Amino acid sequence: GGDVDEIQLAGGEPMLHPKAHLFPYIIRKYFKRTHIIMITNGTLIKKMEDIFWTSCLENKLQLMVTRYPIGVDYDALEIMLKNKGIDVEFGNSGNDKNNPKLMWGLPLVVAGGLDKQYNFDGCLCMQYVVRDGWIYPCANSAYIDIFNKHFDKSLPGPEANGVYFRNAANLEEIMDKISKPTPLCAYCDARKRLEAIAWRRSKKTIDEWTL
């Protein structure tokens with residue numbers, strides 16, 4: 001029914017998508033009043049073509065630029081974006097020039113056996129995610145297949161954790177399914193999220209994701 005407060009285009013890095021300019025039009029077609037945000041690290045802003053900036057303006061999209069310690073001149077980007085009339089906010093998760101970007105890690109327990117309802121009720125990672133026509137209560141449940149493939153594990157995959165839009169009879173059915181613990185909740189000690197990790201490149205080792 002279009003009654004959604006906010007939709008975020010995030011990633012990874014959403015500006016990598018070759019048709020990033022189309023998503024704001026698609027959202028605005030169905031969600032006339034929704035606040036649309038695109039979250040970016042800013043590295044590709046100068047490479048975006050006019051068609052992208054036109055989409056931002058016509059669909060009232062706000063850019064949220066996360067400051068990372070990666071040598072990007074964010075001050076220059078801010079001037080450029082404001083000259084284009086783009087609604088932009090710098091900083092994400094509270095970070096700014098004097099408060100570097102921090103990360104958090106998934107508190108996964110590969111053996112499982114945790115209390116699903118307890119973890120779901122105390123989850124610190126809850127944010128609805130849409131992927132390939134499915135909707136999930138969190139990014140962990142949506143993308144756990146990447147973890148499984150890289151580390152050769154078999155935690156409950158995306159299909160077990162989400163609901164496919166076209167198979168749902170109505171909005172109430174979707175909301176009911178994503179408002180309950182997922183099978184992955186038995187493997188995620190959500191209340192023990194790994195906090196305040198200084199930003200750095202991943203070592204791609206399993207200890208970065210597990211307790």
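pLDDT is the predictor's confidence in each residue, from 0 to 100. The structure described here is a predicted model, and its protein chain averages a pLDDT of 91, with 98% of the residues scoring at least 70. Within the chain, confidence is highest in helix H2, at a mean of 98, and lowest in strand S5 (residues 102–105), at a mean of 81. Where pLDDT is low, the predicted coordinates should not be read in detail.

Empty space was examined next. Rolling a probe the size of a water molecule over the atoms shows where such space is left. The count comes to one cavity of 30 Å³ or more. The largest cavity holds about 120 Å³ of space. Its lining consists of Asn119, Phe120, Cys123, Met126, Pro137, Cys138, Asn140, Thr182, Leu184, Cys185, Cys188 and Ala190. Of the secondary structure elements, helix H4 (116–121) and strand S7 (134–138) each supply at least two residues of this lining. By residue class, the lining of the largest cavity divides into nine nonpolar and three polar residues, with no charged ones.

The second largest pocket has a volume of about 170 Å³. It is lined by Met15, His17, Pro18, Ala20, His21, Leu44, Lys47, Met48, Glu49, Ile51 and Phe52. Seven of the residues in the lining of this pocket are nonpolar, two are polar and two are charged.

Serine 55 lies in helix H2 (residues 50–58). Its relative accessibility is 0%, so serine 55 counts as buried, the cut-off being under 20%. The side chain of serine 55 reaches the backbone oxygen of histidine 21 at 2.8 Å. Beyond its neighbours within four places in sequence, serine 55 is in contact with His21, Pro24 and Tyr25.

Threonine 34 is placed in the loop between helix H1 (22–30) and strand S2 (35–40). With a relative accessibility of 2%, threonine 34 counts as buried. A polar atom of the threonine 34 side chain lies 2.6 Å from the backbone oxygen of valine 4. Not counting residues up to four places away in sequence, threonine 34 touches Gly2, Val4, Asp5, Glu6, Ile7 and Arg28.

Asparagine 148 is found in helix H5 (residues 139–151). At 11% relative accessibility, this residue also counts as buried. When residues up to four places away in sequence are set aside, asparagine 148 touches Lys153, Ser154 and Leu155.

Backbone geometry was considered last. Most residues other than glycine have a negative phi. Lysine 60, which is not a glycine, has a positive phi of about 55°. Lysine 60 lies in the loop between H2 and strand S3 (61–65), and its relative accessible area of 67% makes it exposed. Aspartate 132, likewise not a glycine, has a positive phi of about 50°. Aspartate 132 is found in the loop between strand S6 (126–131) and S7. Its relative accessibility is 66%, and aspartate 132 therefore counts as exposed, the cut-off being over 50%.

Terms used: Residues numbered from 1 in each chain as written. Predicted model: local features only at pLDDT ≥ 70, side-chain atom pairs only at ≥ 80, totals over all residues. Heavy atoms only, no water. 1 Å grid on protein atoms, 1.4 Å probe; cavity = no way out; pocket = protein on both sides within 12 Å on 5 of 7 lines; lining within 4 Å. Points joined across faces, edges and corners; volume = space filled by probe spheres on them. Nonpolar A, V, L, I, M, F, W, Y, C, P; charged D, E, K, R; others polar. Helix = DSSP H or I, 4+ residues; strand = E, 2+ residues; numbered from the N terminus. Buried < 20%, exposed > 50% of the residue type's maximum accessible area, 1.4 Å probe, protein only. Contact = heavy atoms within 4.5 Å. Polar contact = N/O pair within 3.5 Å; in protein donor to acceptor, adjacent residues only side chain to side chain.
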